[in-house]
Amino acid sequence: MANSYSRIQVLEKGYALSWTGNPRSLFLLFIFTTLNTICRTVIVGCFVYFTNPDGHFQVWRAISLYYGHVLIMLFFNIIFNRCPPSFLGRYIISLLLNSMSS
């Protein structure tokens, strides 16, 4: 997912973050996105694990937390996006990836 998000950022920045133009910034963006996703996953996992009184990991709670957060972020990304909403593939994919990685 970090690779897809990095590619969308490269396209949106007009290839300013391309591998041939500036490999260091693209590498840092990729590492930042990957580590950010791992950190958030660990935090949510700890929350789900420690909120259960028996100390068991509840899968349905974790799935509902994740996709509930995605729906909330999707709503805010549609409202506060600079581009007007459209049914173009590029717009929908960037909206979904942005919501899933936020």
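N77 touches L95, N98 and S99, leaving aside residues up to four places away in sequence; contact here means heavy atoms within 4.5 Å. The model is a predicted one, in which local features need pLDDT of at least 70 and side-chain atom pairs count only at pLDDT 80 or more, while totals for chains, interfaces and linings use all residues. Residues are numbered from 1 along each chain as its sequence is written, and side-chain values use heavy atoms, with hydrogens and water left out.

N77 itself sits in helix 3. With a relative accessible area of 14%, N77 is buried (buried means under 20% relative accessible area, exposed over 50%, and partly exposed in between, with a 1.4 Å probe and protein chains only). As for the overall layout, the chain has 4 helices and 0 strands, and along the sequence the pattern reads α-α-α-α. Helices (H or I, at least four residues) and strands (E, at least two) are DSSP runs, numbered from the N terminus. Buried residues account for 24% of the 102 residues in the chain. Of the contacts with a separation of 6 or more, 40% come from residues 24 or more positions apart.

Helix 4 takes in residues 89-101. Y91, S94, L95, L97, S99 and S101 are the buried residues reported for helix 4. M100, also in helix 4, counts as partly exposed because its relative accessibility is 28%. M100 and H69 lie 31 residues apart in sequence, yet their C-alpha atoms are 8.3 Å apart in space.

Accessible areas come from the Shrake-Rupley method with a 1.4 Å probe, and for residues only the protein chains shown count as cover. Y49, F50, F57, V59, W60, I63, Y66 and Y67 together make a nonpolar surface patch of about 920 Å². Patches are built from residues with over 30% relative accessible area and no salt bridge, joining like charges within 9 Å and nonpolar side chains (Val, Leu, Ile, Met, Phe, Trp, Tyr) within 5 Å. A salt bridge, in turn, is a side-chain nitrogen of Lys or Arg within 4 Å of a carboxyl oxygen of Asp or Glu.

Helix 2 (23-51) and helix 3 (59-80) each put at least two residues into the nonpolar patch, and helix 3 gives the most, with 5 residues. One of the patch residues, Y67, is found in helix 3 and is partly exposed at 46% relative accessibility. Between helix 2 and helix 3 runs a loop that holds N52. N52 counts as buried, because its relative accessibility is 10%. Q58 and R61 are touched by N52, again not counting residues up to four places away in sequence.

That leaves the cysteines. A search of the whole structure turns up 0 disulfides, a disulfide being a pair of cysteine sulfur atoms within 2.5 Å. C39 is in no disulfide, and the nearest cysteine sulfur, that of C46, is 9.8 Å away. C46 is likewise in no disulfide, with the sulfur of C39 as its nearest cysteine sulfur. C39 is partly exposed, with a relative accessible area of 42%, and C46 also counts as partly exposed, at 37% relative accessibility.

Methods: The expected span of a helix is 1.5 Å times one less than its number of residues.
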